[in-house]
Amino acid sequence: MGSKNKLKRFKENETFENVFQPTREEVVSNSFPLLGKWNSDFFKNDNPIIIELGCGKGEYSVGLAALFPDKNFVGIDIKGARFWRGAKTAIDEGMHNVAFIRTQIELVNHIFADGEVDEIWITFPDPQIKYKRTKHRMTNSDFLQLYKKILKLNGVVNLKTDSEFMHGYTLGLLHGEGHEVLYANHNVYKNEGSPSEVTSIQTFYEKQYLEINKAITYIRFKIK
C-alpha cells in the first residue's frame with residue numbers, strides 16, 4: 001500500500017465513529033474513556049462483548065457482527081490502515097455492533113476491565129516460530145493470563161490458524177497447563193462438525209491458503 005493511501009486511511013479513521021486510536025500514555029495510565037464502559041457508553045446495550053486480537057483488515061470482526069447482531073464486536077490491531085477496510089464496511093452497512101481500536105495486544109487489559117469480555121478470537125496470528133520469539137506468540141502462558149483477566153468467568157478463546165506449528169504449540173500448552181479444550185480440529189474445511197462461524201467467514205489471506213489446499217486449524221478453549 002502506498003504511503004499516500006496509508007495517510008488517507010489514517011485521516012479517514014479519525015472521522016469514523018467506530019474507530020478509537022488512544023495514545024499509549026492514555027492507555028497505560030488507565031485513562032481510556034471506554035475502559036469498563038463499552039456496553040454503557042459505546043454499544044449502549046448489555047449484549048456480550050467479543051474481541052478479535054490482531055484483526056488485520058477486520059473481515060472477521062465484521063463477519064461475526066453480521067452473523068450475530070445481538071452481540072458486540074471489537075477488532076484490535078496496531079495497524080490502523082489495515083482495519084480501515086473493516087471500519088468503513090461497518091459504517092457503509094450501518095452496523096452498530098462493531099468497533100475498532102488501534103493499540104497493542106499486550107495492553108488489552110487497559111482497554112477492557114476485568115471480566116468485561118465474553119469471548120476472544122485470534123485469527124491467523126504470526127506463529128513466531130523461532131524460539132527467541134516465544135514471548136510474542138499470542139497463545140503463550142503470559143498472554144493467556146492476560147486474556148483470563150479481561151474474560152468473564154466462563155469466557156472462551158478461539159484460535160484459527162493456517163500454521164500447524166501454532167496449532168500444535170497451543171494444544172500442547174493448553175493440555176500441559178490444564179486448560180479446558182472445548183474443540184480442536186486440524187482441518188476445519190475437511191472434517192464435519194466445524195462451527196459455522198469458523199467456516200462461513202474467510203479472510204483475504206485465508207482464501208489464498210484454501211486455493212492451494214492449505215489446511216486451516218481451529219481450537220476453542222477456556223483458560224483455567
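Analyst: Begin with the accessibility classes: a residue is buried under 20% relative accessible area, exposed over 50%, and partly exposed in between. The model here is predicted. K152, at 37% relative accessibility, therefore counts as partly exposed.

User: Which residue forms a salt bridge with K152, and how far apart are the closest N and O atoms?

Analyst: The general idea is that side chains of opposite charge can pair when their charged atoms come close. In this case the partner of K152 is D118, with the closest N and O atoms 3.4 Å apart. D118 has a relative accessible area of 22% and is partly exposed.

User: How many salt bridges does a search of the whole structure find?

Analyst: The search finds 7. One of them joins K160 and E206, whose closest N and O atoms are 2.9 Å apart. This pair links distant parts of the chain, K160 being in strand β6 and E206 in helix α9, 46 residues apart.

User: Is K160 buried or exposed?

Analyst: K160 is buried, at 0% relative accessibility. E206 is also buried, at 0%.

User: Where does strand β6 sit in the order of the sheet?

Analyst: The open sheet has 8 strands in the order β1-β4-β3-β2-β5-β6-β8-β7, with mixed pairing. The edge strands, each pairing on one side only, are β1 and β7. Helix α6 lies across β2, β5, β6 and β8, and runs at about 135° to β6.

Definitions and conventions:
Residues numbered from 1 in each chain as written. Predicted model: local features only at pLDDT ≥ 70, side-chain atom pairs only at ≥ 80, totals over all residues. Heavy atoms only, no water. Pairing = 2+ DSSP bridges. Helix = DSSP H or I, 4+ residues; strand = E, 2+ residues; numbered from the N terminus. Contact = heavy atoms within 4.5 Å. Axes fitted to C-alpha atoms, helices over the stretch in contact; angles between N-to-C directions. Salt bridge = Lys/Arg side-chain N within 4 Å of Asp/Glu carboxyl O. Buried < 20%, exposed > 50% of the residue type's maximum accessible area, 1.4 Å probe, protein only.
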